[in-house]
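Dear colleague,

My findings come after it.

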Amino acid sequence: MPGSWTNSLGMVFVPIPGLAVDFAIWETRVRDFRAFVDATGHAADAAFFFERGSPKKLPRRWNDPPVSSDPTFPVRAVSGADARAFCAWLTAQERA
């Protein structure tokens with residue numbers, strides 16, 4: 001892809017015309033978030049999901065099976081705070 005670049009995690013980024021920012025071409029994968037947790041020891045928040053066929057919400061973490069069954073799937077069950085912490089870490093990593 002013209003103008004694209006790949007970061008240290010293998011995430012491909014492309015420029016967005018008219019904006020001074022690049023975006024990843026896919027969502028953050030389980031393996032990307034795992035690299036962040038392994039490097040920082042970040043204790044991710046629990047998210048809540050509805051149990052299939054039930055009105056009951058259950059806590060799930062990003063690394064609970066089957067939430068993280070495939071390392072190339074988009075990471076799920078992360079909070080906004082977790083996402084911001086991942087982005088801050090990734091930015092610092094790439095700038096270093």
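The notes that follow cover the sheet, a hairpin, a helix pair and a pocket.

This is a predicted model, in which local features need pLDDT of at least 70 and side-chain atom pairs count only at pLDDT 80 or more, while totals for chains, interfaces and linings use all residues. Residues are numbered from 1 along each chain as its sequence is written, and side-chain values use heavy atoms, with hydrogens and water left out.

Strands (DSSP runs of E, at least two residues) and helices (runs of H or I, at least four) are numbered from the N terminus. Two strands count as paired if DSSP finds at least two bridges between them. An open, antiparallel sheet is formed by three strands in the order β1-β2-β3. Because β1 (5–6) and β3 (22–24) stand at the edges with a single partner strand each, one side of each is left without a neighbour in the sheet. Two bridges link β1 to β2 (residues 12–15) in the antiparallel sense, and T6 lies opposite V12 of β2.

β4 (residues 47–50) and β5 (residues 57–60) also run antiparallel, joined by four bridges. Here F48 is opposite P59 in β5. Six residues lie between the strands of this hairpin, where G53 adopts a positive phi near 75°.

Turning to the helices, α1 (residues 30–40) and α2 (residues 80–95) pack at an angle of about 80°, their axes being 10 Å apart. Axes are lines fitted to C-alpha atoms, for helices over the stretch in contact, and angles run from 0 to 180 degrees between N-to-C directions. The two helices are therefore roughly perpendicular, a term covering 65 to 115 degrees. In contact (heavy atoms within 4.5 Å) are D32, F33, A35, F36, A39 and T40 of α1 with D82, A85, F86 and W89 of α2. These residues comprise seven nonpolar, one polar and two charged. Ala, Val, Leu, Ile, Met, Phe, Trp, Tyr, Cys and Pro count as nonpolar, Asp, Glu, Lys and Arg as charged, and the others, Gly among them, as polar.

The largest pocket has a volume of about 420 Å³. A pocket is an open set of points on a 1 Å grid over the protein atoms alone where a 1.4 Å probe fits, with protein on both sides within 12 Å along at least five of seven lines; lining residues have an atom within 4 Å of a point. Volume is the space filled by probe spheres set on the points, which are joined across faces, edges and corners. Of the 21 lining residues, M11, F13, F86, C87 and L90 are the closest to the pocket's centre. α2 gives the most to this lining, with eight residues.

Yours sincerely

Technical notes: Parallel < 35°, antiparallel > 145°, perpendicular 65-115°, else oblique.
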